[in-house]
Every structure is written in structure tokens, then in C-alpha cells.
Amino acid sequence: MKPLKIGITGVRGIVGETFTPEVAVGFAQAFATYLDSGRILVCRDTRLSGPMVRSAVVAGLLAAGCEVIDLGICPTPSLQLAVGWLKADGGIAVTAGHNPAQWSALKFVRGDGLYLNPLQAEELLDIYHQGEFAKATWDEIQPAIQYQDPIEHHIDLLKNAFDTTAIKARRLKVAVDCCNGACSLLIPRWLAEVGCEFLAINADLNGAFPHRPEPTPETMAQLSAVVKAGHADIGFAHDADGERLGIVTELGEPLSEESTLALASRIRLEQGAGAIVTNVSTTGAIEKIAARYGGSVVRTQVGQTYIAEAMFEHNAVLGGEGSGGVTVPQIHLTHDSAAAVGIILEGLARSGERVSDVVRQLPRLFMLKHNLAVEPNRLYSVLQDFRVAIEREQPAYDLTDGIKIELPEGWIHVRASNTESMIRVIVEAEDATKARRLLDWARDRLNK
Amino acid sequence: MSLSSALVHQIMRPIPTLKISISGVRGVIGESLTPTLLTRFAQAFGTYVGARTIVIGRDPRTSGEMVKQAVVAGLLSSGCRILDIGMCPVPTIQLLVRHYRAHGGIAITASHNPAEWNALKFIGQGGFFLNTGQARELLDIYHQGEYTRVGGAEMREVVEASGVTDLHIQTILEVLGPLPTRQKKLRVVLDACNGAGSLVGPKLLAALGAEVIPINVTPNGSFPRPAEPLAENLGDLCAAVKAQQADVGFAQDMDADRLAIVSEEGVAIGEEYTLLLATLKVLGKHPGPVVANLSTTSALQEVVSRFGCPVFLSKIGEANVTEEMQKQNAVIGGEGNGGVIYPRINFARDSLVGMALILHLLAETGQTITELVNTLPRFAMIKEKLVCPSDKIAAVLRMLRREYAAYPMDLRDGVKVSLPNGWFLVRGSNTEPIIRLTAEAEREADARAIIDSVYSRVRECLS
């Protein structure tokens, strides 16, 4: 079975197989019907399938009577900010985020710049499946597309949110890997704006990803070499559409993607106590940091939309996920790797610390992540079997999202991915041996 | 169900607004011509042609951008490279397919259909519209629904080409040259119907050395008049020619393949005369075979025989005419609806080529349009159409074959019957759910009598 994921985070699939022009056209029509047409923004990342999917989306939107503003290639957060700026009713980002190059996806943004919440996403799916879309007649249809560049506006908001004077004064040297993605257009400009000397690699828009567009220690080897060779103060790695951020210390040590939120939390809470929102899969280090600085932690289901809603509800000072996505509420309630860069540079500038110093003070926990490929039609039965298998041994578990089990030596989280046809198993303990033992325990009960 | 309620049912059923046929796919925007249908047709075409270079262009209809985006998505998905030449006449697309040795083209235009329609017309190698066999193959691929789909890594680019109409103008000038210098330039009023010829027409006429007075040259998707350049639609042009004391008036349709002429007296001479005058010009210098379709005026036969050349009649439709032209090695061809095909410049119905030929004829002969028309044999042609559900067409044609069995018939395209005092042709349209009736005779009264009797028989058969 070939993967096509139609779910609450949008629609994802492999171009050339399941993600066809018809799917993109249909979802664009459904989204336009859901929003009752209006003004819709469209952007894409640098994937080679981007022009095809974008054209299909534009055709669907125009046919349904929308006014289309094309933002070209830009990070998804830039589109989310442009929704308010251009008084749009919504937006569609053509990007599969951190998925491999052959994937594409549509992400649906509301009139307030946030993703559709699960209830709204379900409504959208119902409209898509019903297949009865708004249709503009010849005298209603828009005869042309408009074009805008959202990057300048994004940078203006970033400048207003951070202490750029302090950052400029520290004169940091920054290495950055844009993964030849949409951040190539934003991050170098943003770093120049705050007076950083920067070494940018993979900052072409050619759509060829030099590595998987997911900032993990494995994908940051090249960046780590650049940091060392260029004597940079820090290295930043971005995904394809500007949501996730990975960090390399000045010693060239690539940090786990879990550390990005931990680092940002420590910087933010140092400036004042408040609530941090994260998902149930993210490192327990966040609680330890919050305890140290008098903050609190709210845990949600996995997914930006849950983080955003909880941040709003709890008036949180920061949000994020263990994937490297950080949400800085001064800018907007969505993961934004440029904002994450801002908060970290500002923290380093104000404290004068080196990034490795800050990392050394973070709680040390050991996490293992394991992905189990499962046919899409068996995902939930595999999960259900796992629940049955553990029920007798471990009657206490958390069902916020998938199954999370707290054990004395650490925790285990087993859930279906929102974006790919796989089951994600995450365990965290104080050391590698304990973590390995937890993972084996979980895998034994999954592999039956 | 009683007989009467069955009849009511038959009459009440709405006639579909979608027409998928060998001439392409046409439909009404906001009803049947959806982006999904369009993107699937583009994928079918991409699958049919293979992952090659395809030229696309469109007329100025308001739905043009939507249709184009759907087509681009479909072609890219099937691995094609796209040369997007923007808003331009259909013959420019055909010329460019040939010029760039592209493997095909898609013209986004519903030519003379009203503003709410749009369509895809498929062009094969050499700039020819797909012929019947090729079009059937394409339709089979469309219906089978298994299209070539490539991943991002094999996807190719969209190249936006500008200035392509200049190439078109240049080609015309290379073959025909500018008009001979005269004391007084020829004054031309051009009515482009706000169509795809709006921008290129005035440029061509100026480049030829004529004085141009353009009307309806704002390609914004509004239709200042019905798009077909029929005499009854050209009131504004006739008035402008008179008021401006012009030598000639030219009227194009929305996609600039057809051309109609208004005389210096402000009279629309009828679109049948476009091909006659163009033929007069071409055969004067290059005698050779001429091809036209079955419904073209008999006057063509007379004109061509003056030069001792043969005429061959083909089925209706540009693809049929060009195919026959290749077979007969024709020097000129076309259709009575104002479509002139002059293969030395473009193997397509091309109003720009038509205008250049007519202006050269005026300049060479020094005669007026009226004088030229007066040298031509006069026939009275009457055209009618009737709304007709497609399932009734066969019955109508059967009835006519039976009723007129005593007369010589040509059954290649509908039913064409030669009567002692004229002829008539009845056929189902390829593009609309209508049946077309054409009758011609030397005398107006005879033509009227023929069409009246055929019309009433067809109506009777339909009711």
C-alpha cells in the first residue's frame, strides 16, 4: 500500500504516486468552500514538485472563486504572518516540512494565521469527501493572480520582538544550514539584520536537499564541521519550511533536537516565570528547567495546533515540541525557526555565555526514538494490540496522545505519526542503559 | 410511463454543458469545466505525448488563468516541460509548436463560444490539431485514468516565453513582405473582439505598412459583441469603416483563427468571402491545389477553376482540412467560416495571415473590396442551427438520407445533398449540442426554399 495521509495536519503523500494533481486541486477547492472563498495566500517550499502542486492549488482556489495571492517560495511561518498583514482569509502552504524530498503536503492556515484545529480540519475533510465545492461562474472568477513577498514583513516583526541592539553588540559568528529549503530566503537576511557574521551552507533554492530536511544530530554533521572550521559561536540547522531548528554548539557538538526547546525554555524562564507548553513526547528536561526557574509545564497532544491552543489558554511564555519546533508568542502562536534563532541569540547576547555553557547546565536525560513502519491500514490496530499487551502489567497509562507509560526508570510513549505511516516509540531515562531497556520492553510488546 | 410524460422527460432533460469530443474538451465555467477535469485532461495529454516539451497559450477569457494553472499542474505531473507563451492567438501556438519542434500544444480557448465557456484544444507535432484517430487515442487514455506520474526529481520546468507574437509577425513578413509603398497607405479598421488577437493584430498591420484604426482591442475577458465574426455581429465595425473612410475592416474571433471582412462601403461581405479573396491572391502567384471543407461555398470551385487548379473537399474541422492539404500538396486551404490556411507561413487557420493576404491583394490589384467581390461568382448561403440532444442526431441524419435518397449525396460528414438548384448540408456540431444546417444556391429564393424545407423536416423529426 502506498502512503497518502489525509489527516488533521493536512494532506501528505508522495508525488508521482498518491499525491496527484487531483488531490491537490480537490483539497484547494474544499478549503475555499470551507472558508466561503475570499482572499487566500499560497506559498511553497523548494521541493521540485512545488510548482506542480502550487499550480493545482491555485487552479482549485480560483475555480472556487478565491482571490489568490502567491507568496512564492517562503517559510510557512512567513505565510502565517502574512495572513494578517495582507488581510487574507486563510492560506495554503505547499510543503511537506521535515518529510523527505519526494513528499509533498498541503498545510491549511486560518484567517488568524494559525493552523486549522482538529474540529475544523475534520469539517474540511468532510467537505473534501462530499466533493461538492463552491464554483465561481465566468463573471465571478478572478482573472489573475497577485504576487507579494512576505519575507520583509516577517523580518520586521522579528526585529520588533527581540533586543536587536544587544544581539548586534555581541557580534556573534553564526553558521547556518538552510537545507536548500525556504529558510534560504529568510535566515541569512535575519542574521545580517542582527549584525551576525554568518557562514551559510545549503542556502540555494534548487530543491535538492543535501540531507533529510529534519534537524537531528545525524543531519547536522556538515554544519558541525562548518562551525568548527569557521570558529562559529553557534550553528543553526533548519528544516525545509522554517518550523524546526537544530543547534550545534561552538565546540561543534550537534545537540539532540530535544535540546532546542530546552535551551529556549531556560533562556525564556530566566527572564521571568511563566507557563511552557509542550507535547507528551517531549523531554522531561522541560519540567526540571521549569522547576528550577519557577515556571510551570502544560503537556498536550503532539501537533502545533494543540500547542497553540494550550498556549493561548494558559497565556504561556513559550511553547514547542521535541522535534525542534519552538513557538514564541510575542511573534505568533506557531513554530517558527527564525523566532527560535532570535530567542537563542538574544539569550546568548544578554548573558554573554557560550552555548556549550548553557547546555552543560541543562538536565541530562537520555532519549531514544524508534520508528516502526506499519502499513497505513494497520496503524491503529497495532496500537490497540500494544495497549492490550501492556494492560495487565501496567494498568496506569496516559492516553492524551497514543499511549504514554510512566515507569520508575523513565517513560515510554507509543503513538501513530500524524504525517507518515509509522508508529513512533520514544523513551527517556537517566542513562543510555535504562533507556535501551525501556525501548526493548516496548518493542517486545509491539513486535508480536 | 405514458407516451406524453416520456416526451416531457425527454424535453425537460437539461442539455449538458460539457462537450468532450475529438475537437477537445469544452464546458461552462462554474458548472462542468472543473479544475479536476482539466488537470486530468492535461495529464492524459502529457501521457499521450510523453514527457516532452508542450507549448501552452490562452485567450483572454476571465477563466483563462484558472484553466492554465490546472493544465500546468497536469502537464508537470506527467513529466512535461512547458513553454508558456501567455495570451496569444491559437495560430501563434501552432506556429510555435512547429518553430520550436515541440511535441505538442494545448490551446486554452473556447474560440467563438460565449464568455462563460472555456476549452482545451490539443495540438500535436507540427502544430496540427489532433486528427480523429489521435483524438480518440487521447480520449481513451483520459477515460482509462492511468496517467504517467513523475516524482519531483523528474519534474521539469515551466518556461515563460514573451515576445512570441513578434516571431509570428516576423514570419508573415518574411514570406509575404511589407505592402508595396503607395502614396496613400491602406486604412484598416480592426475589430479584435477584445480577443487574443487584440495586441498582435495592430502590430502586424502597422508592420505591413498599413494605417490601423483598432476597435475592441482590450483583452480583458469581456465580449463587446458575439465572438463569431458573422455579418450580423459586425455592426460597430461596419459603422467605423464608413466613419473612418477606411479601405477595409477586419473582424477576428476570440482566438484569432477566423477572419471576416467589411468592405470600404461598410458592408460585411460574409465570412465565406475571406477564403475566396485569399485564394485569389495566392493562386495569382502560386497556382496549385486548394482544399476546403464540405460546407464551403461553391463559389470557391469557380474561382479556383479560373486558374486551372483543382479543389478538394474534406470533412469539417481544421484537422481534416490540413490533413487533406498535406495529402494534396495544397497551396492554400481553409474553411468557409473565415479560416484561411496558408501553409507557406502557418499550417493553421490564421486570421493574421488572412489579413496580410487580403491587404496584399488590395495593394497588388489596386481594386477595392467591393470591386474584387463583384468579380466573384455570387451564391446565396443560409446557415441555421437547432438545439438537438446528441442522441437525436443519428435519427435526423437517417431521416434525411431516406427523404433525399433520389439525389447525389456525400455522407463523409453528416449528410450533404446536391439538389438541381443548390445543395444543403446537415451535421451535428463537434463543439455544441446543436445541429447545423447550411444551404446554398445561386438565387437567394432557392436557398431559402431549400433551408426551409430541410429545417421543417428536421424539426418534425426532433419533436
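How many residues of domain 1 of chain B are in contact with domain 2 of chain B? I looked this up first. I found 26 residues of domain 1 in contact with 30 residues of domain 2; contact means that C-beta atoms, placed from the backbone, lie within 7 Å.

**Ground rules.** I am reading a predicted model, where local features need pLDDT of at least 70, side-chain atom pairs count only at pLDDT 80 or more, and totals for chains, interfaces and linings use all residues. Residues are numbered from 1 along each chain as its sequence is written, while chains are lettered from A and ligands numbered from 1 in the order in which they are written.

**Confidence.** I checked pLDDT, the predictor's confidence in each residue, from 0 to 100. Chain B has a mean of 93, and 97% of its residues reach 70 or more. Residues 1–10 of chain B fall below 50, and this stretch has one contact beyond near neighbours in sequence. I noted ipTM 0.90 and pTM 0.91 for the model.

**Domains.** Chain B is assigned domain 1 (13–162), domain 2 (167–374) and domain 3 (380–462); the bounds come from an automatic or database domain assignment. I read 27 Å between the C-alpha centres of domains 1 and 2 of chain B.

**Chain contact.** I then turned to chain A. Here 31 residues of chain B are in contact with 30 residues of chain A. Helices H2 (35–49) and H3 (64–77) of chain B are the elements that give two or more residues to chain B's side; helices are DSSP runs (H or I, at least four residues), numbered from the N terminus. H3(B) gives the largest share, ten residues.

Technical notes. Contact = placed C-beta atoms within 7 Å.
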